[in-house]
Amino acid sequence: MFEYWGNYMINPCSLCLANCCKTYMITVTSFDVLRICTATSKHYSDFTVLHKPGLIYDPDMVLDTTDGCGSYILGLKSHPCIFLGDYNRCNIHDFSPLSCRRFPHTLDSKINARFCPPFAKLFFSLKKPGVTTSIYKKELDQYKQIVKQWNRSPGKQADCIRFLLERTDFLADFAYIKKKTDQEDASASKDS
Ligand code: SF4
Ligand code: SF4
């Protein structure tokens, strides 16, 4: 079934097989993980994983470890994403990671439509990102500070995610998950 943005513009994701959710390693922040834990009552170990960083990751999000395991990026269990549900729909749509809410808009306001249907880029170019640049950047910057704290004195891989979540807990603003999508869209329309 088609979904629409507003009354007239079709959401191209409703015509797609969720290629992005099946193809990418889904990178998240500890803020994303805490939001999902709060909203779903799942334990973080049910859905998070430390991925080996690929070629295009932000180096400020790379986590070092001391037990010979190397470096990692915090992510969701992927290929496909663990939260991809029936009919290629996201099971955590209202509190999905900020990177998913913003996708395919990138942080530098380009559009990554590599895996989208051919017509989709045009539609996305007419729509503001689902999360504003300022909200996304603020949270990413806070997460990178926590990553930096870990990397100053890295520990074992097994302790890493718990460390990130403990440091994040007192900073987290869970009011975000209570916002309605239309409120976020209104905020996004003011994005510069
Ligand atoms: S962002 Fe692109 S690849 Fe992902 S579901 Fe939407 S149309 Fe498909
Ligand atoms: S959290 Fe949802 S939108 Fe993000 S990759 Fe997983 S299924 Fe797709």
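Reader: Which residues of α2 are buried?
Author: This is a predicted model, in which local features need pLDDT of at least 70 and side-chain atom pairs count only at pLDDT 80 or more, while totals for chains, interfaces and linings use all residues. Residues are numbered from 1 along each chain as its sequence is written, and chains are lettered from A and ligands numbered from 1 in the order in which they are written. Helices (DSSP runs of H or I, at least four residues) and strands (E, at least two) are numbered from the N terminus. With buried meaning 20 or more other C-beta atoms within 10 Å of a residue's own (exposed is 12 or fewer, partly exposed in between; C-beta atoms placed from the backbone), the buried residues of α2 are S30, F31, D32, V33, R35 and I36.

Reader: How are α2 and α6 oriented to each other?
Author: The axes of α2 (residues 30-40) and α6 (residues 157-169) come within 9 Å and cross at roughly 80°. Axes are lines fitted to C-alpha atoms, for helices over the stretch in contact, and angles run from 0 to 180 degrees between N-to-C directions. Under 35 degrees counts as roughly parallel, over 145 as roughly antiparallel, 65 to 115 as roughly perpendicular and the rest as oblique. The two helices, α2 and α6, are therefore roughly perpendicular.

Reader: How many residues of the contact of α2 with α6 are charged?
Author: S30, F31, V33 and L34 in α2 meet L164, L165, T168 and D169 in α6, contact meaning C-beta atoms, placed from the backbone, within 7 Å. Ala, Val, Leu, Ile, Met, Phe, Trp, Tyr, Cys and Pro count as nonpolar, Asp, Glu, Lys and Arg as charged, and the others, Gly among them, as polar. The contact of α2 with α6 divides into 5 nonpolar, 2 polar and, as charged, 1.

Reader: Which residues does V28 contact, leaving aside its neighbours within four places in sequence?
Author: V28 is one of the residues that touch the most other members of the largest nonpolar core, which has 23 residues. Such a core is a set of buried Ala, Val, Leu, Ile, Met, Phe, Trp, Tyr and Cys residues joined through C-beta atoms within 7 Å. Beyond the neighbours within four places, V28 is in contact with V33, L74, G75, L76, P97 and S99.

Reader: How many residues of the shell around ligand 2 are nonpolar?
Author: Residues near ligand 2 (C-beta atom, placed from the backbone, within 6 Å) include C21, C81, C90 and C100. The shell around ligand 2 holds no charged residue and 1 polar one, and its nonpolar residues number 10.

Terms used: Two residues are in contact if their C-beta atoms, placed from the backbone, lie within 7 Å.
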